[in-house]
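Subject: Structure handover

Hello,

Please look through it first; my notes follow below.

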Amino acid sequence: MLIPARTVKLTTRTDTDVRRTLFHASRKMIGPWCFIDHFGPSEQTEGMQVAAHPHIGLQTVTWLFSGEIEHRDSLGTVQAIRPGQLNLMKAGNGISHSEKSEANGQPLHFMQLWLALPEESRNAVGGFEHLAALPRQDLGAGTLTVLAGNIMGSNAPTTIYSPLVAAEIQFSIDGQVSFTVNPAFEHGVVLAQGVARINGVELSPGDLSYFPTDSAEIAIHAGTNAILLVIGGEPFGEKIVMWWNFIARTRDEIQEARASWNARTERFGDFEDDLGPWIPAPNMPNVILQPR
Ligand code: MN
């Protein structure tokens, strides 16, 4: 099944577009993965200017293909991220952060994904992890880099809270790459760059190809320099409520997080940057937020 990317604004403050696949009307989550944004490649060096904003109940996973981003958060972290590195921020019960692209002469091109935290870890304290080097494996026409979990016998040291996997595949030549996957997981393959065909269906950058559980192998046909991201996980056994930057279980929890962010209570901490004022949470819709 193909989930086509839709173009949305990164924030209400900037005119920056991103391609989003999850969440999608036909597919809310893939394992614990519940949000995928694909940005660029863009020559716009000011493309990523997201001032201080909060998160709860999730991990943000940031992976660059080109360019550089500086991350700052309320734990005191200041961390530049470059291609081939992973930034992983655990929101737990509350964290705030900002993200700013750096002009390093390269176009900015990255993906940011969110992982829902399971019940036993979603209210824990926040955390941040930067992985500068990750396991790689030659797959013939392309190279596999493991970002999280285990795939093809390679294990990433990334801290995760439920059974999941993430990997990048970079094609060096035109050809086919196949790899075995955990049949207990559902998977998604997102095209970041170039041309690719999965199960006879052409993908455009940002598009996602979905594989339900009981898939044992994934085969990708792609052109030289194509880059794809593979994500997967055990179907998430809990219903979540997702609104703005928050993942919770009830509307009340969301309302409480929204109120304490806008009141600038200590829950989300504080930090310095030069990105201007913090981003207030918008008004909540009158509609009932249904767990899903
Ligand atoms: Mn964020």
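H53 is buried, with a relative accessible area of 5%; buried means under 20% relative accessible area, exposed over 50%, and partly exposed in between (1.4 Å probe, protein chains only). H55 is buried as well, at 1%.

Before going further, some background. This is a predicted model, in which local features need pLDDT of at least 70 and side-chain atom pairs count only at pLDDT 80 or more, while totals for chains, interfaces and linings use all residues. Residues are numbered from 1 along each chain as its sequence is written, and side-chain values use heavy atoms, with hydrogens and water left out.

Metal site. Both histidines, together with H97, are the protein donors of the manganese ion, each through NE2 and at 2.1 to 2.2 Å from it. Donors are N, O and S atoms within 2.8 Å of the metal (3.2 Å for Na, K and Ca); water is not among the atoms, so sites may look incomplete. The spacing of the donor residues in sequence is H-x1-H-x41-H.

Sheet. Seven strands make up an open sheet with antiparallel pairing, in the order β1-β22-β19-β24-β17-β14-β13. The edges are β1 (2–3) and β13 (136–138); each has a single partner strand, so one side of each has no neighbour in the sheet. Helices (H or I, at least four residues) and strands (E, at least two) are DSSP runs, numbered from the N terminus, and two strands pair if DSSP finds at least two bridges between them. Within the sheet, β19 (residues 186–193) and β22 (residues 208–211) pair in the antiparallel sense over four bridges. H187 stands opposite F211 in β22.

Core. The largest nonpolar core has 52 residues, and those with the most contacts inside it are W33, F171, F179, I220 and L228. Strand β17 (residues 164–171) gives the largest share of this core, six residues. Such a core is a set of buried Ala, Val, Leu, Ile, Met, Phe, Trp, Tyr and Cys residues joined through side-chain atoms within 4.5 Å. Leaving aside neighbours within four places in sequence, F179 is in contact (heavy atoms within 4.5 Å) with several residues, including L139, I151, I169, I220 and V230.

Salt bridges. There are eleven in the structure, a salt bridge being a side-chain nitrogen of Lys or Arg within 4 Å of a carboxyl oxygen of Asp or Glu. One joins E68 and R82 (3.4 Å, N to O). E68 is in the loop between β6 (58–66) and β7 (69–73) and R82 in the loop between β8 (78–81) and β9 (86–90), so the pair ties together parts 14 residues apart in sequence. E68 is buried at 13%, whereas R82 is partly exposed at 39%.

Another joins D274 and K100 (3.7 Å, N to O). Since D274 lies in the segment after α2 (251–262) and K100 in strand β10 (residues 95–101), this pair ties together parts 174 residues apart in sequence. D274 is exposed, with a relative accessible area of 60%. A network of salt bridges links E119, R122, E238, R249 and E253.

E202. This residue lies in strand β21 (residues 201–203) and counts as exposed at 52% relative accessibility. E202 forms a salt bridge with R197, the closest N and O atoms being 3.9 Å apart; R197 is partly exposed at 34%. E202 and L2 are 200 residues apart in sequence and 9.2 Å apart in space, C-alpha to C-alpha.

Regards
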